[in-house]
Amino acid sequence: MDARDRLICALDFPTFDEAKALVEELGDAVTFYKVGMELFYGAGPDIIRYLKEKDKKVFLDLKLQDIPNTVAHSLAVLTRLGADIMNVHAVGGPKMMAEGMKAVKEAAAELGRPAPKLIAVTVLTSMDEAQWKPLNYARPIGEEVLDLAALTKESGLDGVVASPREAAGIRERCGKDFLIVTPGVRPAWAASNDQSRIATPAAAIGNGSTHLVVGRPITRADNKQEAVRKILEEMEGAF
């Protein structure tokens, strides 16, 4: 993969028109987009269809977590939309993850297309130790992330969503082919906003991340294509 295949621009907008405007403005500079809950709930499946018609890759970031049967059936339906990556919460447990993966593969086979990658969220990158402590987990965030990543791999999934700070440990524990999709990526020239466990694009790639999710440093930049160019340069410097 070159840098453009590894950069995922987050379409964190409430409407189809706002997302479309950004995609049109960025043109060929970005090939991979994240559609999260805000946009999917506002625009529905049409935003996925639009992006695929534009020959873009899509990370459908809905973070499913429910009883295994519900998650499996939901993922089977979502597979029909053609997203390239989808996700669930690892804390949903091994049965939920395994049945979800099975449903994705079966739905894709019925459609005659490759199965999308299914990954699991470990611990949200907005979480810091101060927010973690009231949850009464026995171990620090980093240790919990590594065990959740290992559980995700054991459950048959393709990778995880984790902060760049944990990427090196996940890579060592889960192997070279395991996807590590990292939000919380902030170039040195960008504000951290509400992210806590962050790193620069170069540091994230150097730590073993396979894909970087970047939102506001691109979407709120005065010159959005220039922001993309600078981020890609930082990523390429770490290869």
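Strands E1 (residues 7-10) and E8 (residues 211-214) run parallel and are joined by 3 bridges, in a model that is predicted rather than experimental. Strands here are DSSP runs of E with at least two residues, helices are runs of H or I with at least four, and both are numbered from the N terminus; two strands pair if DSSP finds at least two bridges between them. Across this pairing, Leu 7 sits opposite Leu 212 of E8. Helix H12 (residues 224-236) packs on the sheet here, touching E1 and E8, and its direction makes about 145° with that of E1. Angles run from 0 to 180 degrees between N-to-C directions, with axes fitted as lines to C-alpha atoms, for helices over the stretch in contact.

Taken as a whole, the strands form a closed barrel of 8, in the order E1-E2-E3-E4-E5-E6-E7-E8, with parallel pairing. From one strand to the next, the twist averages 25°.

Beyond its neighbours within four places in sequence, His 89 is in contact (heavy atoms within 4.5 Å) with Lys 63, Leu 64, Gln 65, Met 96, Val 121 and Leu 124.

Elsewhere, helices H8 (residues 141-154) and H9 (residues 167-174) pack at about 35°, their axes 10 Å apart.

Residues are numbered from 1 along each chain as its sequence is written. Local features need pLDDT of at least 70, side-chain atom pairs count only at pLDDT 80 or more, totals for chains, interfaces and linings use all residues, and side-chain values use heavy atoms, leaving out hydrogens and water.
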